[in-house]
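Me: I have this chain open and want to talk it through. Can we go over it piece by piece?

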Amino acid sequence: MSEKLDRLEEIFKLQKGLSEMMKLDRYPKDTEGRVSALCTAIMHEAVELQRTTNWKWWKTPIKFDEAEAREELIDIWHFVVQASLELKLSPDDILDEYKKKNEINRERQRNGY
């Protein structure tokens, strides 16, 4: 097992521990509802990440705060990992699925997608 996979397993373990500490009264009871709620959280965190950039071409740009951007990206990671746990994806499953999709994307690029 590679060192990188060990790190991903550690992230999963930390997320599982965090989710076990949380008050989840309002968290949906079914997998579909939980995944839907996590998608909403991911989208909102992505907007927060985007807000750290100067995407508004009509505004005077400010200095990019990389530390803040990293924090927002990690918020997204929390929700992505939780969604992975909800869908019973292990780090090995993620690597397998990533490789499959990566090959599809490569094939698309080779074919002028």
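This is a predicted model: local features need pLDDT of at least 70, side-chain atom pairs count only at pLDDT 80 or more; totals for chains, interfaces and linings use all residues.

Me: What volume does the second largest pocket have?
Reply: About 230 Å³.

Me: Let's zoom out. How many helices and strands are there?
Reply: Four helices and zero strands. Along the sequence the pattern reads α-α-α-α.

Me: What is the radius of gyration of the chain?
Reply: The chain has 17 Å. For a compact globule of 113 residues, the value would be near 13 Å.

Me: What box do the C-alpha atoms fill?
Reply: Roughly 45 × 45 × 30 Å, along the principal axes.

Me: How much of the chain counts as buried?
Reply: 19% of the 113 residues.

Me: Back to helix 3. What span should helix 3 have, and how far apart are its end C-alpha atoms?
Reply: Helix 3 covers residues 66-86, which is 21 residues. At 1.5 Å a residue, it should span 30 Å. The end C-alpha atoms are 30 Å apart, so the two agree.

Me: Which residues of helix 3 are buried?
Reply: Ala69, Glu72, Ile76, Val81, Gln82, Ala83, Ser84 and Glu86.

Me: What caps the N-terminal end of helix 3?
Reply: Asp65. One of its side-chain oxygens lies 3.2 Å from the backbone nitrogen of Ala67.

Me: And what happens just after helix 3?
Reply: Lys88 takes a positive phi there, about 55°.

Me: New topic: Asp93. Where is Asp93 placed?
Reply: In helix 4, residues 91-110.

Me: Which backbone nitrogen lies 2.9 Å from a polar atom of the Asp93 side chain?
Reply: That of Ser90.

Me: Why does Asp93 count as partly exposed?
Reply: Because its relative accessibility is 30%. Buried needs under 20% and exposed needs over 50%, so Asp93 falls in between.

Technical notes: Residues are numbered from 1 along each chain as its sequence is written. Side-chain values use heavy atoms; hydrogens and water are left out. Helices (H or I, at least four residues) and strands (E, at least two) are DSSP runs, numbered from the N terminus. The expected span of a helix is 1.5 Å times one less than its number of residues. Buried means under 20% relative accessible area, exposed over 50%, partly exposed in between (1.4 Å probe, protein chains only). A polar contact is a pair of N or O atoms within 3.5 Å; within protein, one must be able to donate a hydrogen and the other to accept it, and residues adjacent in sequence count only if both atoms are side-chain atoms. On a 1 Å grid over the protein atoms alone, a cavity is a set of points where a 1.4 Å probe fits but cannot get out, and a pocket is an open set with protein on both sides within 12 Å along at least five of seven lines; lining residues have an atom within 4 Å of a point. Grid points are joined across faces, edges and corners, and a volume is the space filled by probe spheres set on the points. The radius of gyration is taken over C-alpha atoms; the globule rule is 2.2 Å times the number of residues to the power 0.38.
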